[in-house]
Amino acid sequence: MARHGLADTEHTIARCRVILSVAALIAVYIDPTHPTLTRWLPLTGGPFMLDPLALAVMLSHLVYSVTLYVLERGRVVPSSRIVSVSTWMDVLFGIVIALVTEGANSPFYVFFTFAVLVAALRAGLRLALPVTLTSALLYLGLILVSHPWGLTFYIMRPAYVALTGYLVGYLGEQRLVLESKLRAFEAATQRERIARSLHDEYVQALAGVNVRLETCRQLLQRGDSEKALRELTELQAGVNREHDDLRAYIRSLIDREAAPGRAPADDRTRFTVRAQFAGSLPLLEHALQIMLEGARNVALHARAESAEIRVEHERLQVSITIDDDGVGFPAEASPPWSIASRAVELGGSVRVGTRDQPGGHVAVLLPAA
């Protein structure tokens, strides 16, 4: 994820560098003033004309910008290598452009600002401060060597570069801190989602396996091997199903293979829920999970228009009924395993398809503890 983020950032920077180069070339071409920084290097200028040396520098920057854009877009060179080269090339081009265009008007300041801004986006103050300091010192050295008319006017520009660089670097540092916190929050959210999914689906399935194994042990103790074998066969099929779901879920987490997943839920089903009961925490947890699993089963398999879930306290029992107007259960169908395992764990019972109305009907009785 971090590598993709770096590549996207570098692609945006490369595109902006090309736009800056073209815009600066046009600005220098229509600038009516003459370069005045270097008296020992005679340069011409004026409206709608460019000194050959200035034109060569501006075109060189354009070629440099387009080259980086092509390399970045084609992923020809790793983004980390482009970063290490382009950071200081941007500073160098800023100095050379200042040399051939500096006067009453010049786009050089934008090139320095761009170099500092890019450094701040890439690494915050850690890179922005060295780039700012280098840019300011190089420009100051250029001024002192050239010693142009109005030296005090030019001498303040390195100070402006330094101030701008620090402020931009500080903002870039805050951006990196915010991104770090956001990534940590996203990671925590993902861990919570995975933990909830593992607990609500696969850990509970293991609990159901434990309950059914206990049932098989009791059947074998009573000598009822036929029922025990049937129970073990159903248990094996359920374990294989959960194994396939878990494997698909793990593959979906690492993005190696799209999980075939379970059938998509039918959003058309409208649920009505009525619940009023009292009991212990284990009873509450199991009752809520049975309601949730029942609603999921209806949405995934029933193709129902409407469904009703009712929970009532009847003397020493809690009754949970799940009714829908969908396709219903096949003849002699077994209760949903995820619901039955929870009911058995509390010493309750489950019945399916016992009403005359069409659709699916599940009735769960739990002892009120």
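**Helix pairs**

I began with the crossing of H4 and H5: H4 passes H5 in a right-handed way. I kept in mind that this is a predicted model.

Next I looked up the geometry of that pair. H4 covers residues 108–123 and H5 covers residues 125–146, and they pack at an angle of about 160° with their axes 7 Å apart. Angles over 145 degrees count as roughly antiparallel, so H4 is roughly antiparallel to H5.

Then I listed who touches whom. From H4, the contact has Phe108, Phe112, Ala115, Val116, Ala119, Ala120, Arg122 and Ala123. On the H5 side I found Leu125, Arg126, Leu127, Ala128, Val131, Thr132, Ser135 and Tyr139. Sorted by class, I get 12 nonpolar, two polar and two charged residues for the contact of H4 with H5.

I moved on to H2 (residues 52–73) and H3 (residues 79–101). Their axes come within 11 Å and cross at roughly 165°. H2 and H3 are therefore roughly antiparallel too. I noted a left-handed crossing for H2 and H3.

What does each helix bring to this contact? H2 supplies Leu53, Ala54, Val57, Met58, Ser60, His61, Tyr64, Leu68, Leu71 and Glu72. H3 answers with Ser79, Ile82, Ser86, Met89, Asp90, Phe93, Val96, Ile97 and Val100. By class, I have 13 nonpolar, four polar and two charged residues in the contact of H2 with H3.

How values were computed. Residues numbered from 1 in each chain as written. Predicted model: local features only at pLDDT ≥ 70, side-chain atom pairs only at ≥ 80, totals over all residues. Heavy atoms only, no water. Axes fitted to C-alpha atoms, helices over the stretch in contact; angles between N-to-C directions. Helix = DSSP H or I, 4+ residues; strand = E, 2+ residues; numbered from the N terminus. Parallel < 35°, antiparallel > 145°, perpendicular 65-115°, else oblique. Left-handed = near helix turned anticlockwise from the far one by under 90°. Contact = heavy atoms within 4.5 Å. Nonpolar A, V, L, I, M, F, W, Y, C, P; charged D, E, K, R; others polar.
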